[in-house]
Amino acid sequence: MLCIALSGSIPSAAQVASPDETGFQNFLSDLRRQAEAQGRSPAAIDAVFTGLTLNPRVIELDRAQPGADPNAPIPMFEPYRRSHVDAQRIARGRTVYLAQRARLAKIERDTGVPESIMVAIWGHETNYGSVTGSFDLPRALASLAYEGRRRALFSGEFLATVEMVERGVPRERLKGSWAGATGNPQFLPSVYLRLARDGDGDGRADIWGSDADTLASIGNYFANAGWRPGQTWGLAVTVPTTFVRSDVSNRAISPRCARVFERHSRWRTIAEWRALGLVPQGKAWPDDRVQATLLEPDGPGKTGYLLTGNYRVILDYNCSNFYALSVGLLADAVAS
């Protein structure tokens, strides 16, 4: 979920069409036919398609993404943690947490998702709404679809923006990151259609301008992804020098985000981890029956983390260990 505030304005019609632009316009014609076949209204189709031109910048940004090389070495977590769970973000999170307590408490009762997790997601995605992105969403998504590397994904997300407009989302609201995420929680259009919620009772799911809708939508996302109420996401631990890592190495290959999950150990109960000599850092042990995996993002001799099934729900939002660890740690800091 990316929040890059670069200009996404549509060039003037006076621009001379390049070969790529001609191909893009032909591709848009195909997308228009697909929108018509889905039964979208002419008004919604025209609102989204009119004036769209290719945006080479989003293609450039997509190709430059870190992690594109699967053989590149994985950096240490600690520098990322210092920049993403910093004093300013914690302080702003506590301010939001206190200001929204009544609203957050209701959402937690309804979904089982902790108040602090909802605040931490908001903080990580858009710094509590201050950086939501300024790219024109349909233009960015259509450009990425045209490029072709993930055509099916981005074509579907583009067509979802037409449905958003048909459902009453103003066309001018369709701003966001170059990768197509929008609003305070940085939802893709298809996620908005499935999981955005009206939290203030006005009949609209306004994840751009309503704090209530933003938090209700984040809570609904996590509940839908399988958050287990009453269970922590994980905890920091000290791993003893005598620990034999080969005894708990993970031999399974995940069909999704393989590089993320290959860094995790096998699942063990908290009781088993305790017996192996791990010691919690500033947080009480969960119930002995809870299953957890071990991740040592900075290598042996540094802080490790025991991670429960709820950590994997955070990974469902953004499949990155650094992201998920930072969300959990920010949530703990905000609630402390």
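Biologist: In the protein chain, what share of the contacts with a separation of 6 or more is accounted for by residues 24 or more positions apart?

Modeller: Please note that this is a predicted model. A contact means heavy atoms within 4.5 Å. Among contacts with a separation of 6 or more, the share that joins residues 24 or more positions apart is 73%.

Biologist: Why can the protein chain be called as compact as a globular protein of its length, and what is its radius of gyration?

Modeller: The chain contains 15 helices and 7 strands. For 336 residues the globule rule gives 20 Å, and the value for this chain is close to that, so the chain is as compact as a globular protein of that length; its radius of gyration is 22 Å.

Biologist: Which residue in β7 does Leu 294 stand opposite?

Modeller: Strand β6 is joined to strand β7 (residues 304–307) by 3 bridges, and the two run antiparallel. Opposite Leu 294 in this pairing stands Leu 306.

Biologist: Which residue in β6 does Thr 269 stand opposite?

Modeller: Strand β4 (residues 268–269) is joined to β6 by 2 bridges, and these strands also run antiparallel. The residue of β6 opposite Thr 269 is Gln 291.

Conventions. Residues are numbered from 1 along each chain as its sequence is written. This is a predicted model: local features need pLDDT of at least 70, side-chain atom pairs count only at pLDDT 80 or more; totals for chains, interfaces and linings use all residues. Side-chain values use heavy atoms; hydrogens and water are left out. Helices (H or I, at least four residues) and strands (E, at least two) are DSSP runs, numbered from the N terminus. The radius of gyration is taken over C-alpha atoms; the globule rule is 2.2 Å times the number of residues to the power 0.38. Two strands pair if DSSP finds at least two bridges between them.
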